[in-house]
Amino acid sequence: MKVLIVDDEKHVRDAIKLLIEWEQFGIGSIFEAPEGNTAIELIKQHQPEIIFTDMLMPLVNGSELLKWIQQHSPQSKTIVISGHDDFGYMRHTIKYGGMDYILKPIDEDQLHDALQKAVDTITSEQLARNKHQQQSIKLNEARPIYWDKIFSSLLEDPTLYRSFTRELESELKLMASTTQVRAAILSLETMQHKIIDRFASNLDLLSFSIANIANEFLSERQTGYACRNWNKSNEMVILCWNDVHEMPELIHRINEGIFTTYGVRFDFGVGQVQPFPNGLPDSYREAISVLKQRNLLDQGNCVHINSNKGNSIVNTLNFSNHQEDIRMALLSFNHEQIHSAVDRWFDEVRKLNYITIEQLDLWVHELTVFRARCLNGMILDQVHDDSMGLLNGSDFIIPVDEEGKLSIALWQQEFTRFMLSCAALLSQQQAKSTIIDQIAEYIEHHYQEELSLQDIAERYSLSREYISRRFKQERNENISDFIGRLRIDRAKVLLLNPQLRIVQISEMVGYNDEKYFSKVFKKFVGLSPNEYRKKNN
């Protein structure tokens, strides 16, 4: 452990060091500070477990130091050693987590007792942390999570089955003689609002609850196992290795069990029967394909078995055919034009009687490209809008109504809101670009004066950081380089007049120091002012 002693009196620090057998308490390093500022730096650097501090010190006193320690190093244990029997100091010590308050002159027994108390507390807290860590490890190794991860791996590499054959047979009755398997996928992409609200968007808890319901049905006849797919956050998998041909009916019963418990039903995709274990990934991919090709406008059927109907539906509606219309409305900054353009696109969407997730994926891709085109060169983190995820393929969540059905109206509302937000940002960026032009014009007319970034920021009511960043973006040079280049360009013209001395030219372009002017001139031109004058005269 490490100890820090903070006191402005060196003899007090020496006394503390002499009165304690440090090794007896497991302390190997002792640091000293004469006041609070130095103590703070030492705490940042060495993170001592125990800190002795005085109260009255120059610069940062003990009270301020205790407050800082509680905020920035709360794990450190503090012991106050003070020459003042003051209730206010004692109360401050207690308020900010001090373990003890010892009066000067220092009593050796009190010092030892206070240190022992601090060491015991640190040891106790460490034991508690270790215990909590062990409990966390055990929790992570809990069997349901363990099996979730195993089956998630088997979906990608069925050859791993050989490594878990005995465990699977012993715990889940997946016998080595099993020859067939069938996979079903539960989609969390079209959840009804009531289930989202109930679980506060906590997918972990939701997945755990649904898996429990499904496994109650599966365990009745040791048919299979339900788990969360750890490779995809919005997906659950149900595997059957017994009674595989009855799986669609079993899935229907599971869905009714979920409805009885939570009042909602989910969409399931069921793959074909495949050889076990090597055919498991194929059945899984078939189940995914069925889900992706289901009609999101039809909520009548929740268990989807084949994709023949989906394969026969080919929509030719592409967002790219409408994006120029929407882009021009966006650049007009006119809300009515934006609403009209978006309405025309969604009018075409509403004419469709069959929309699949594959179709949505295509539209989201086109929308992502469109966003990049419209916002090219802009700082995207300035778009503070909840609908931003609508145009981000990785974050896209299907907009659904209360019944879990694709809601074109909600999607249109979110898309329109995003377009209006982009228009406002584009307008704002355009206005701020004009401000940068104004700043450049101001500099061109006042280059001979003493200019600072702070003066310019105050004049235009903008932050220095913003001006510096935007000036660089729009002018491709720092504002200081712009001022320097402007002054040197003016100086080059004045140097053609042999009647003007160098010192006069230096002052005329804003440099009061002739030597500094010559240095800057050579940096930009490659010649000194005299060399440039001789060369050009």
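User: What distance separates the centres of domain 1 and domain 2?

Analyst: In this predicted model, the centres of domain 1 and domain 2, taken over C-alpha atoms, are 59 Å apart. Domain 1 covers 2-127 and domain 2 covers 157-305. The division also has domain 3 (319-425) and domain 4 (447-536), with bounds that come from an automatic or database domain assignment.

User: Why is Arg-228 called buried?

Analyst: Buried means under 20% relative accessible area. Arg-228 has 15%, so Arg-228 counts as buried. The residue is found in strand β7 (residues 224-228).

User: Which residues is Arg-228 in contact with, leaving aside neighbours within four places in sequence?

Analyst: With those neighbours set aside, the contacts of Arg-228 are Asp-148, Ser-152, Leu-203, Asp-204, Ser-207, Ser-233, Glu-235 and Met-236. Ala-211 is 17 residues from Arg-228 in sequence and 7.4 Å from it in space, C-alpha to C-alpha. Asp-148 and Ser-152 are also among the buried residues of α6.

User: What covers the buried residues of α6?

Analyst: The cover includes α7, β7, β8 (235-240) and α11. The buried residues of α6 are Trp-147, Asp-148, Ile-150, Phe-151, Ser-152, Leu-154 and Leu-155. Helix α6 (residues 143-156) has 14 residues and reaches 20 Å from its first C-alpha to its last, close to the 20 Å expected at 1.5 Å a residue.

User: How do you know that the span of helix α11 agrees with its number of residues?

Analyst: Helix α11 (residues 280-292) has 13 residues, which at 1.5 Å a residue should span 18 Å. Its end C-alpha atoms are 19 Å apart, so the two values agree. The buried residues of α11 include Leu-280, Tyr-284, Ile-288 and Leu-291.

User: What makes α19 roughly perpendicular to α21?

Analyst: Helix α19 (residues 479-494) and helix α21 (residues 514-525) pack at an angle of about 95 degrees, and their axes are 10 Å apart. Angles of 65 to 115 degrees count as roughly perpendicular, so α19 is roughly perpendicular to α21. On the α19 side the contact is made by Asp-481, Gly-484, Arg-485, Ile-488, Ala-491 and Lys-492. On the α21 side are Phe-517, Val-520, Phe-521, Lys-523, Phe-524 and Val-525. By class, this contact has seven nonpolar, one polar and four charged residues.

User: What is the phi of Leu-59, and what is the phi of Lys-173?

Analyst: Most residues other than glycine have a negative phi. Leu-59 is not a glycine, yet has a positive phi of about 60 degrees. Lys-173, also not a glycine, has a positive phi of about 60 degrees. Leu-59 lies in the loop between β3 (50-53) and α3 (62-72), and Lys-173 in the loop between α7 (165-172) and β6 (180-187).

User: Where are the cis prolines Pro-105 and Pro-277 found?

Analyst: Pro-105 lies in the loop between β5 (98-103) and α5 (108-140). The cis peptide bond there joins Lys-104 and Pro-105, with omega about -5 degrees. Pro-277 is in the loop between β10 (274-275) and α11. The bond from Phe-276 to Pro-277 is cis, with omega near 5 degrees.

Terms used:
Residues numbered from 1 in each chain as written. Predicted model: local features only at pLDDT ≥ 70, side-chain atom pairs only at ≥ 80, totals over all residues. Heavy atoms only, no water. Helix = DSSP H or I, 4+ residues; strand = E, 2+ residues; numbered from the N terminus. Expected span 1.5 Å × (residues − 1). Buried < 20%, exposed > 50% of the residue type's maximum accessible area, 1.4 Å probe, protein only. Axes fitted to C-alpha atoms, helices over the stretch in contact; angles between N-to-C directions. Parallel < 35°, antiparallel > 145°, perpendicular 65-115°, else oblique. Contact = heavy atoms within 4.5 Å. Nonpolar A, V, L, I, M, F, W, Y, C, P; charged D, E, K, R; others polar.
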